[in-house]
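Grab a pencil and take a slow look at the model below. Then try each exercise before you read its solution.

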Amino acid sequence: MFAKLFTVFITICLASFTNLCAYRLGKGDVPWSPPRSYCPHCHHPLYWWQLIPISGFIVQGGHCHFCHHQISTYDTVCELACGLFAYMLATPALFHSFLVIITIQALLFICSCDYYYQCLYPLSLIGLLPLFLIIPSWSLPDLATWIIIMMVLIALAIMVRLHWLGSGDVIFIAALLFTFGLEDTAVIILCACLITLPFFYFHRQAHLPFLPAL
């Protein structure tokens, strides 16, 4: 149990930093400059207790301690979700838990880049390679499956051409196809569509981030 809780703690702490990296890289900055985090509205540097994942948001009552502007719940939701996934997937085996942490952070980085800037860094997909070790039943697809996967990717490319999907969505779906296979990927896409439909209906956004749902 201690090993599991330690994995959850590390995952939540890293999730806060991963979101920071995604936010700053999208702005053209580097994660370590400026050295201290700041409020995006009043730009006041944050105190150490404001940077504690989850509890910092709760202690401040969801509003900036300095300018009282409402703080986005995105970071806190991500930290909670990452902690939950780490608790579900971690095992007493240290190496397995290490792979789980890497995979969760890679998925969060991909999710946050799309959420903030609707972009995907292809190199971030390298962080999903541990999935092949985490999934015990993974094996290379047979020839028939490869043919179907190629047909699906061609259909997705047409959707990109018609501006129904972003190129980052297609790249990520291709990674899912290769990792989980056709059936599981279809279920993932279906669930993602069901998640995003209410947001699209109520907000009518022209560019709705789809990778967070995936």
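This is a predicted model: local features need pLDDT of at least 70, side-chain atom pairs count only at pLDDT 80 or more; totals for chains, interfaces and linings use all residues.

Residues are numbered from 1 along each chain as its sequence is written, and side-chain values use heavy atoms, with hydrogens and water left out.

**Exercise 1. Check the span of helix α1 against what its residues should give.**

Step 1: Helices are DSSP runs of H or I with at least four residues, strands are runs of E with at least two, and both are numbered from the N terminus. The expected span of a helix is 1.5 Å times one less than its number of residues.

Step 2: apply that. Helix α1 covers residues 2–26, so its 25 residues should span 36 Å. The end C-alpha atoms of α1 are 36 Å apart, which agrees.

Step 3: look just past the end. After α1 comes G28, with a positive phi near 90°.

**Exercise 2. Find which helices the buried residues of α1 pack against.**

Step 1: pick out the buried residues (buried means under 20% relative accessible area, exposed over 50%, partly exposed in between, with a 1.4 Å probe and protein chains only). In α1 they include T7, V8, T11, I12, A15 and T18.

Step 2: recall some helix geometry. An α-helix has 3.6 residues a turn, so residues three or four places apart point the same way.

Step 3: see what they touch. The partners of the buried α1 residues are α3 (74–89) and α4.

**Exercise 3. Describe the largest nonpolar core.**

Step 1: define it. A nonpolar core is a set of buried Ala, Val, Leu, Ile, Met, Phe, Trp, Tyr and Cys residues joined through side-chain atoms within 4.5 Å.

Step 2: count. The largest one has 21 residues, and I110, L128 and F172 are among those with the most contacts inside it. Two or more residues each come from α4 (94–117), α6 (143–161) and α7 (167–203), with α7 giving the largest share, 7 residues.

Step 3: zoom in on L128. Skipping neighbours within four places in sequence, L128 is in contact (heavy atoms within 4.5 Å) with T103, A106, L107, I110 and F172.

**Exercise 4. Work out whether D114 is buried or exposed, and what its side chain reaches.**

Step 1: locate D114, which sits in helix α4. With a relative accessible area of 7%, D114 is buried.

Step 2: Beyond four places in sequence, D114 is in contact with C119, P209, F210, L211 and P212.

Step 3: follow the side chain. The side chain of D114 reaches the backbone nitrogen of L211 at 3.0 Å.

**Exercise 5. Classify the ring pair of Y74 and Y115.**

Step 1: set the rule. Rings of Phe, Tyr and Trp (its six-membered ring) pair if their centres lie within 6.5 Å; planes under 30 degrees apart count as stacked, over 60 as edge-to-face and the rest as tilted. The whole structure has 9 aromatic pairs.

Step 2: apply it. The centres of Y74 and Y115 are 3.9 Å apart with planes at 5°, so this pair is stacked. Since Y74 lies in helix α3 and Y115 in helix α4, the pair ties together parts 41 residues apart in sequence.

Step 3: Y74 is buried at 10% relative accessibility, while Y115 is partly exposed at 35%.

Notes:
A polar contact is a pair of N or O atoms within 3.5 Å; within protein, one must be able to donate a hydrogen and the other to accept it, and residues adjacent in sequence count only if both atoms are side-chain atoms.
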